[in-house]
Amino acid sequence: MEALTRIAHASIRVAAELTPAEAKANAAAQMAGLAYGLAAIGPGIGIGMIFGKAIEAMARQPESAGMVRTTMFLGVAFTEALALIGFVAFILLKFA
Amino acid sequence: MKTDDPQYVSILSMNDQGPAPEAAIVRDIIKHGSIVAPILIGLSAVFWGVNGAWSSAYGVVLVLGNFAVAAWMVSYTARISYALMMGATLFGYIFRLAVIAAAVFFVRNATWVELVPLCMTIVITHVGLLFWEMRYISLSLAFPGLKPKHVASPTVQDSTSN
């Protein structure tokens, strides 16, 4: 607990010593990382839902597994594109 | 209890030993990617020079590799268990995203990398190839008669394959 308090005090001291430009850059980096993390959550939920429903469909009708897997794979790839767009936006805002 | 039911089958033991459609989809995507790649690389070379062309080529390789790994994971684990397939794909999503992020992070300061064409290529190739493939898949599902047939002999050309 004491160590955590020490770390918090050190962080506050470091933040107080930053110039406005450095503080702005610091906040921008944190927000960019947070935005990328948030952008990855949605596709993660979406992929989970797609797979859950696909497995349910394959368990109910094993004879249609090929068709279900085909559409499932495309759906997952499209959902993954959202995460890639989030990543690309992060990279371009942060480094370009 | 459900397990007393003779017809009860656990999802842990269910698997699919049939042909893997993901492999066929990815083969098709890679075939289309090899058609699109020179155009994207050429456009990047026009706007960003040689570095843009290298970056674009790197982006295409990343996207096609991502598709190939995703397909391999699904088809390999589906032969073992559907539950494993779901687990592998969900963790695989994080893993593949991390690999792409690392692949871009490690080269972002390299002299041959232009970030804008690299990032644009990743998004455009990924989404564009999927839309291209979706056109074929939706046609095959809606009209099974149009589905391309396997050619019996390499010398015999199937007119329905186009």
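1. Chain B contains 3 helices and 0 strands, and its elements, read from the N terminus, follow the order α-α-α. This is a predicted model, and every remark below should be read as a description of that prediction.

2. Of the 162 residues that make up chain B, 38% count as buried. When the contacts in chain B with a separation of 6 or more are considered, 73% of them are accounted for by residues 24 or more positions apart.

3. Turning to the contact between the chains, 34 residues come from chain A and 41 residues from chain B. Together chain A and chain B bury about 3400 Å², and 84% of that area lies on carbon and sulfur atoms.

4. In one salt bridge the side chains of A:Arg69 and B:Glu22 meet, with an N to O distance of 2.8 Å. The count of residue pairs in polar contact between chain A and chain B, with both residues at pLDDT 80 or more, is 5.

5. Which elements of chain A give two or more residues to the side that touches chain B? They are helix H2 (20–60) and helix H3 (65–95) of chain A, and H3(A) gives the most to that side, with 22 residues. Sorted by class, the side of chain A that touches chain B has 26 nonpolar, 6 polar and 2 charged residues.

6. The largest nonpolar core has 54 residues, of which A:Met58, A:Phe87, B:Met85 and B:Val104 touch the most other members. The elements that give two or more residues to this core are H2 and H3 of chain A, together with helix H1 (21–78), helix H2 (82–107) and helix H3 (115–142) of chain B. H1(B) gives the most to this core, with 14 residues.

7. Leaving aside residues up to four places away in sequence, B:Val104 touches A:Phe87 and A:Ile91 in chain A, and B:Leu62, B:Leu115, B:Leu118 and B:Ile122 in chain B.

Notes: Residues are numbered from 1 along each chain as its sequence is written. Chains are lettered from A and ligands numbered from 1 in the order in which they are written. This is a predicted model: local features need pLDDT of at least 70, side-chain atom pairs count only at pLDDT 80 or more; totals for chains, interfaces and linings use all residues. Side-chain values use heavy atoms; hydrogens and water are left out. Contact means heavy atoms within 4.5 Å. Buried area is the accessible area (1.4 Å probe) that two parts lose on being put together, summed over both. A salt bridge is a side-chain nitrogen of Lys or Arg within 4 Å of a carboxyl oxygen of Asp or Glu. A polar contact is a pair of N or O atoms within 3.5 Å; within protein, one must be able to donate a hydrogen and the other to accept it, and residues adjacent in sequence count only if both atoms are side-chain atoms. Helices (H or I, at least four residues) and strands (E, at least two) are DSSP runs, numbered from the N terminus. Ala, Val, Leu, Ile, Met, Phe, Trp, Tyr, Cys and Pro count as nonpolar, Asp, Glu, Lys and Arg as charged, and the others, Gly among them, as polar. A nonpolar core is a set of buried Ala, Val, Leu, Ile, Met, Phe, Trp, Tyr and Cys residues joined through side-chain atoms within 4.5 Å. Buried means under 20% relative accessible area, exposed over 50%, partly exposed in between (1.4 Å probe, protein chains only).
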